[in-house]
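Here is a friendly walk through one structure, from its ligand site to its cores and strands. Keep the 3D view open and follow along.

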Amino acid sequence: MRGFEGKDLLSASDFSREDVEKLTNLADFFCAHRMGGNFKLKSMALCVFEKSTRTYTSFDSAMKYQGGVTIGFCGTEGTSIGKGESLEDTVRVYDSYGVDCMVIRHPQPGSAARAAAVARAPVINAGDGSNEHPTQTLVDLYTIMKRKGKIDGLTVGIVGDLKHGRTVHSLSLGLAKYNTNIYLISQEELRVGEEWMQKLAGLGAKAKEVPHTDLSFICKDLDVLYMTRLQAERFEDPAERERIEKGYPRIGIPILQYFKKDMIIMHPLPRKSGPDCELSPELDATPNAAYFDQTKYSLPLRQALLAEVLGVHI
Ligand code: NCD
């Protein structure tokens with residue numbers, strides 16, 4: 001076991017199965033004790049350079065619900081970034097206030113590692129561009145364990161924008177630690193990429209790419225369907241984005257009949273609203289929907305992670 005105390009968490013490669021097991025056990029404790037004083041006199045900087053609802057508020061409340069202090073920002077408006085300040089200098093400023101850990105979200109791949117290179121405090125990657133989002137993976141693995149009782153032996157289909165989706169990248173690394181079958185289901189233009197497939201193969205993962213048009217053939221095998229949105233903000237060419245968006249896979253009630261009855265549907269959220277929604281709101285009331293469980297479990301899981309990183313022994 002690598003452990004988390006005082007360490008950076010930059011990638012889903014940074015933790016082992018044993019680490020996940022320890023965290024999820026601790027998360028069970030925080031499920032039962034959401035409010036408390038475990039993080040009293042501890043402080044965390046939240047440096048969120050990109051839009052965020054869930055990640056920002058769940059880290060913030062995870063800390064505050066246990067009596068800790070958070071400082072920082074969500075969105076760069078009102079900060080000196082607009083004056084040309086670098087990521088490194090912003091990180092150095094918060095670090096100089098003596099925080100016990102830092103949570104970073106930034107649009108550039110590798111930004112969390114850059115922050116970690118200059119920070120004294122441990123840095124948690126809360127999403128670095130299209131690269132990784134390891135704490136979402138911890139939430140996802142915890143949700144799968146809670147809903148399915150296990151991870152080993154499951155077949156997981158990950159659907160959508162696999163090229164730009166950082167949650168997908170980290171989740172595939174996370175699932176590779178277990179005996180799982182991973183189907184990576186996407187349009188040609190949004191494939192996860194050769195480099196990532198080789199990385200997964202190197203880890204011994206049973207991962208297979210499937211064209212999105214074949215979803216109907218494999219859906220009967222899936223225990224988990226992990227849907228993701230088109231990462232529209234990562235496209236430079238609006239015409240290309242529009243073209244891809246037209247053929248983007250979407251799921252709704254009609255497709256449910258082809259799945260196992262106890263298959264669960266996950267989504268890191270946000271999903272798109274309106275007629276182009278990749279995940280129909282009609283699914284919310286079905287027993288298959290697990291995406292609001294992900295948001296529910298993100299709080300105790302992040303409390304468990306913070307307890308470990310901060311060295312708070314419960
Ligand atoms: C995701 C993200 O920001 O990568 N959201 C999240 O943190 N739960 C997914 C997304 O934006 O599509």
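Arginine 229 has a side-chain N or O atom 2.8 Å from an oxygen atom of the ligand. Please keep in mind that this is a predicted model.

| Residue | Atom in the residue | Atom in the ligand | Distance |
|---|---|---|---|
| Arginine 229 | side-chain N or O | oxygen | 2.8 Å |

The residues around the ligand also include Arg105, His133, Gln136, Thr167 and Gln231.

**Backbone geometry**

Most residues other than glycine have a negative phi, and most peptide bonds are trans. Leucine 269 has a positive phi of about 60 degrees, although it is not a glycine. The peptide bond that leads from leucine 269 to proline 270 is cis, with omega near 10 degrees. Leucine 269 sits in the loop between S9 and H10, and proline 270 is placed in the loop between strand S9 (264-266) and H10. With a relative accessible area of 11%, leucine 269 is buried.

Leucine 41 also has a positive phi, near 65 degrees. Is leucine 41 buried or exposed? Its relative accessibility is 83%, so leucine 41 counts as exposed. You will find leucine 41 in the loop between helix H1 (17-32) and strand S1 (43-48).

**Threonine 228**

Now step to threonine 228, in the loop between strand S8 (224-227) and helix H9 (238-246). Threonine 228 is buried, because its relative accessible area is 2% and the cut-off for buried is under 20%. A polar atom of its side chain lies 2.8 Å from the backbone oxygen of valine 159. Not counting residues up to four places away in sequence, threonine 228 touches Val159, Gly160, Asp161, Thr167, Val168, Tyr248, His267, Pro268 and Glu278.

**Strands S3 and S4**

Strand S3 (residues 101-106) runs parallel to S4, and 4 bridges join the two. Within this pairing, isoleucine 104 stands opposite asparagine 125 in S4. Together with helix H4 (residues 111-118), S3 and S4 make a right-handed β-α-β unit. How many of the residues of strand S4 (residues 123-128) are buried? The count is 6 of the 6, so S4 is largely enclosed by the rest of the structure.

**Nonpolar cores**

The largest nonpolar core holds 58 residues, and those that touch the most other members are Phe59, Ile158, Leu175, Leu305 and Leu306. Helix H10 (residues 291-310) gives the most to this core, with 9 residues. Apart from it lies another core, of 21 residues, which includes Ile218, Leu279, Leu283 and Ala289.

Leaving aside neighbours within four places in sequence, leucine 305 is in contact with Phe4, Leu9, Leu23, Phe59, Ile124, Thr135 and Leu138. One of these contacts, Phe59, is itself among the core residues that touch the most other members.

Definitions and conventions: Residues are numbered from 1 along each chain as its sequence is written. This is a predicted model: local features need pLDDT of at least 70, side-chain atom pairs count only at pLDDT 80 or more; totals for chains, interfaces and linings use all residues. Side-chain values use heavy atoms; hydrogens and water are left out. A nonpolar core is a set of buried Ala, Val, Leu, Ile, Met, Phe, Trp, Tyr and Cys residues joined through side-chain atoms within 4.5 Å. Buried means under 20% relative accessible area, exposed over 50%, partly exposed in between (1.4 Å probe, protein chains only). Contact means heavy atoms within 4.5 Å. Two strands pair if DSSP finds at least two bridges between them. A crossover is right-handed if, with the strands pointing away from the viewer, the path from the first strand over the helix to the second runs clockwise. A residue is near a molecule or strand if one of its heavy atoms lies within 4 Å of it. A polar contact is a pair of N or O atoms within 3.5 Å; within protein, one must be able to donate a hydrogen and the other to accept it, and residues adjacent in sequence count only if both atoms are side-chain atoms.
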